[in-house]
Amino acid sequence: MNYTDYIMEETKKLLAVPSPSGFTRHAAEFVKKELEEMGYAPVITGKGAVLADLGGEDAGNGILLAAHMDTLGAMVTQIKSDGRLKLTNIGGMNPNNAEAENCRVYTRDGRSYEATFQLADASIHVNGSYDDTKRSYDSMEAVLDELVHTKEDVEKLGIMTGDFVCFDPRTVITESGFIKSRFLDDKFSSCILLGYAKYLKEENVNPKRRVYIMLTSYEEVGHGGAASVPEGVTEMISVDMGCVGEGLACDETMVSICAKDSAGPYDYDVVSELIRLAKEKKLDFAVDVYPHYSSDVDVALRAGYDVKHGLIGPGVYASHGYERSHRKGAENTFELIRAYLG
C-alpha cells in the first residue's frame, strides 16, 4: 500500500474534526477508532490524549512517538450588548491572520452556530480608522450568522461565556502534492503516526524496541506531553511540524530534524543518529534550530521524565496561520521513522 496516500487522506479527514486545546474529544474518538480498526487497543488518557502500544520487543527500552491533535482556536469571553461575541484565544491563534475567517461556536448542550471573526465595525466604507486599527481580541468580534441584535437574543440560542470557537481549516490538496490548511500543526504528523501504525500491522513488522504512539490534547497551551509516558520508555520523539522560514534550511518537501528549540538542545545521540540515517537512506532532510518553538517532549522533560528526546517533522510553512506542506514531507518523515525504529 502507498502509505503516503493514506496519510494525505487521513489528514484531510482529521482536519475536518474541530479540536482546539480542551475540545479534542471528537478528534480523540476519531483517532481511537482508526487505531482499533487496524487491530490495536488504544486508550484515551485522563487528559484526553490517545495512547497506543504498537508492539515490539524490549519493553524495558521502549520509545514513545508523540504528535498532537489539538489545535489553535478561541473561546467566548463576553456576549456584547449588540449580540456580537468577544473572544479570547486558545494557543497562539493570531487575530491578524484570523480576520474575516469563518468559524463555528459550539455550545455546552451540543448545538453549534456559524459566525465570522471580524474587526468591530468592519465596513471600510463606514469605518475611517479601518486601516489604522490594531487587530487584537479587544478590537475584533465574532459575528453570528443568526438574527440576533441583543445579548438576550444570543443567550436564547444557548450560547454562553466559555463556549469553544473553532475556525474553518480551509483544507486544499493540490494536484502538485501540496496540502494547504489551518492546523497542519500537528494533524499532518498525527496522521503520519497513524500511517506508521498501519504499516507495522499490515507488513507484520515487529520492531526491536517496544513502540508507543501518543496523540496529545494540550500541546498548543503548553502541557500536552506532561503525563502518561508508559513505564519502560527510555526515549521520546516528538513528531511535530518542521519549521520553514527565513534563515532555515527546510522546505515543505523535507523532513526536518531539530537540533535545538527555545527550550534548548535535543539529545545529542538521538539527533546524530537521525542525521546519520537520513543520509544513509538518501532522504531529503534539513537540520535546523527553531527560534520560537517548543514541543511535547520538552514538556515531558520538564515534568520529570528521564528520557532521551528528539524532534522531527515535515516542513510546514506559515505556522499558526494558513499553513502549507507537501506529500514528500510526509513521505520523508515516514521513512525516517521507519529507518530509526528498524
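Tutor: The lining of the largest pocket splits into 9 nonpolar, 11 polar and 5 charged residues (Gly counts as polar, Tyr and Cys as nonpolar). This is a predicted model, with local features needing pLDDT of at least 70 and side-chain atom pairs 80 or more, while totals for linings use all residues. Numbering runs from 1 along each chain, and side-chain values use heavy atoms, without hydrogens or water. A pocket here is an open set of points on a 1 Å grid where a 1.4 Å probe fits, with protein on both sides within 12 Å along at least five of seven lines; lining residues have an atom within 4 Å of a point. Of the 25 lining residues, Cys243, His292, Tyr293, Ser319 and His320 lie nearest the centre. Two elements give two or more residues each: β14 (242–244) and α7 (296–302). The space comes to about 400 Å³.

At its start, a side-chain oxygen of Asn2 comes within 2.9 Å of the backbone nitrogen of Thr4. Its buried residues (under 20% relative accessible area) include Tyr6, Met8 and Leu14. The buried set packs against α2 (25–38), β10 (172–173), β11 (178–181), α5 (184–202) and α8 (327–341).

In the loop between β10 and β11 sits Gly177, buried because its relative accessibility is 6%. Beyond its neighbours within four places, Gly177 contacts (heavy atoms within 4.5 Å) Met8, Ser325, His326 and Arg327. The C-alpha atoms of Gly177 and His326 are 5.6 Å apart, despite 149 residues along the chain.

Note on methods: Points joined across faces, edges and corners; volume = space filled by probe spheres on them. Helix = DSSP H or I, 4+ residues; strand = E, 2+ residues; numbered from the N terminus. Buried < 20%, exposed > 50% of the residue type's maximum accessible area, 1.4 Å probe, protein only. Polar contact = N/O pair within 3.5 Å; in protein donor to acceptor, adjacent residues only side chain to side chain.
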